[in-house]
Amino acid sequence: MVLLTGFGTLEAAVAALKAGADDYLVKSVDYLELLPSTLNAALAYFQEWGVGSPTLRVLYGCGVSDELLAVQEHLREHAPHIDLDGVLGGEAVLDRLSLRGKTR
């Protein structure tokens with residue numbers, strides 16, 4: 001799992017990594033340029049262990065449709081092997097992940 005957030009702090013990054021995230025990326029001015037390489041690194045790690053496929057499936061949740069469209073367009077151009085499933089809002093992410101009602 002790669003956590004992408006707009007509200008990143010060092011403490012949040014450490015907590016995410018301790019909780020099992022493979023990487024952590026804060027939405028900054030240049031995060032779209034960093035996103036393909038971050039996701040490719042996660043894909044390479046799983047392929048090393050014989051897990052994963054040449055296509056990386058990504059669930060991307062955000063609150064702004066213009067941002068979602070920009071990310072989809074950027075990845076189509078710079079990382080066509082990344083299959084982006086975009087949803088709007090945290091509720092939609094939870095629904096998509098089927099975590100609703102489950103405890104961890």
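Is V14 buried, partly exposed or exposed? In this predicted model, where local features need pLDDT of at least 70, side-chain atom pairs count only at pLDDT 80 or more, and totals for chains, interfaces and linings use all residues, V14 is partly exposed, because its relative accessible area is 36%; buried means under 20% relative accessible area, exposed over 50% and partly exposed in between, with a 1.4 Å probe and protein chains only. Residues are numbered from 1 along each chain as its sequence is written, and side-chain values use heavy atoms, with hydrogens and water left out.

V14 belongs to helix α1, where helices (H or I, at least four residues) and strands (E, at least two) are DSSP runs numbered from the N terminus. The C-alpha atom of V14 is separated by 8.9 Å from that of Y24, 10 residues apart along the chain. Helix α1 (residues 10–18) carries the chain from β1 to β2 in a right-handed β-α-β crossover, a term applied if, with the strands pointing away from the viewer, the path from the first strand over the helix to the second runs clockwise. The two strands, β1 (residues 2–5) and β2 (residues 23–26), run parallel and are joined by four bridges, strands being paired if DSSP finds at least two bridges between them. Within this pairing, T5 has V26 of β2 as its bridge partner.

Helix α2 comprises 18 residues and reaches 25 Å from its first C-alpha to its last, close to the 26 Å expected at 1.5 Å a residue, the expected span being 1.5 Å times one less than the number of residues. Its buried residues are Y31, L32, L35, P36, T38, L39, A42 and L43, and what covers them includes β1, β2, β3, α3 and β4. T38, in this helix, is buried, because its relative accessible area is 11%; leaving aside residues up to four places away in sequence, T38 touches V2, D23 and L25, contact meaning heavy atoms within 4.5 Å.

When residues up to four places away in sequence are not counted, Y60 touches L4, K27, Y31, E67, L68, V71, L84, D85, G86 and V87.
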